[in-house]
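Please read them beside the model.

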Amino acid sequence: MNKRSLIALDLDLNFTPHPTNKDIVVQVDENAIKRAVRNLMLLKRNEKPFHPEISSGVTDMLFENPDPIVFATLKNDITRFIQTYEPRATRINVNVARISNDELSVTMVFFVQNRQITVNTPIQVYRTR
């Protein structure tokens with residue numbers, strides 16, 4: 001793989017060492033974008049330094065009563081949020097479902113920018129309080 005074919009390159013946030021050279025393992029291409037989208041989805045209000053307004057709102061919706069209007073609003077908010085803060089993900093399709101009173105399932109299907117690769121990212125969001 002040459003450097004020009006790379007789309008994304010991010011550090012592994014688990015900081016697992018590479019087995020041979022003991023350096024930190026990197027996430028590349030689809031895995032890096034999938035990790036970035038997941039981290040954006042789980043971002044809560046006031047967690048990002050110097051930008052307290054940036055929040056996906058998914059964790060706030062855990063406390064709402066489940067109805068189609070709430071799910072449609074959440075789907076639109078997530079799509080707009082990912083389009084704004086993750087330009088490498090295009091043509092985003094979001095599906096939201098409630099698994100239980102304390103858990104939401106968010107499934108995102110998107111294309112990687114400048115490639116015809118479809119990425120499917122399921123995310124389970126739990127209530128922690």
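**Notes on the predicted model**

1. F81 is buried, its relative accessible area being 8% (buried means under 20%, exposed over 50%, partly exposed in between, with a 1.4 Å probe and protein chains only). Y85 is partly exposed, at 37%.

2. This is a predicted model, in which local features need pLDDT of at least 70 and side-chain atom pairs count only at pLDDT 80 or more, while totals for chains, interfaces and linings use all residues. Residues are numbered from 1 along each chain as its sequence is written, and side-chain values use heavy atoms, without hydrogens or water.

3. Both F81 and Y85 belong to helix α2, 4 residues apart, or about one turn of the helix (helices are DSSP runs of H or I with at least four residues, numbered from the N terminus). They form a tilted aromatic pair, with 5.0 Å centre to centre and 55 degrees between the planes. Rings of Phe, Tyr and Trp (its six-membered ring) pair if their centres lie within 6.5 Å; under 30 degrees counts as stacked, over 60 as edge-to-face, the rest as tilted. The count by this rule is 1 aromatic pair.

4. Helix α1 (residues 29–41) packs against helix α2 (residues 68–85) at about 125 degrees, with the axes 11 Å apart. Axes are lines fitted to C-alpha atoms over the stretch in contact, and angles run from 0 to 180 degrees between N-to-C directions. The two helices are therefore oblique (under 35 degrees is roughly parallel, over 145 roughly antiparallel, 65 to 115 roughly perpendicular, the rest oblique).

5. Which residues make the contact? V37, L40 and M41 of α1 meet I78, F81, I82 and Y85 of α2, contact meaning heavy atoms within 4.5 Å.
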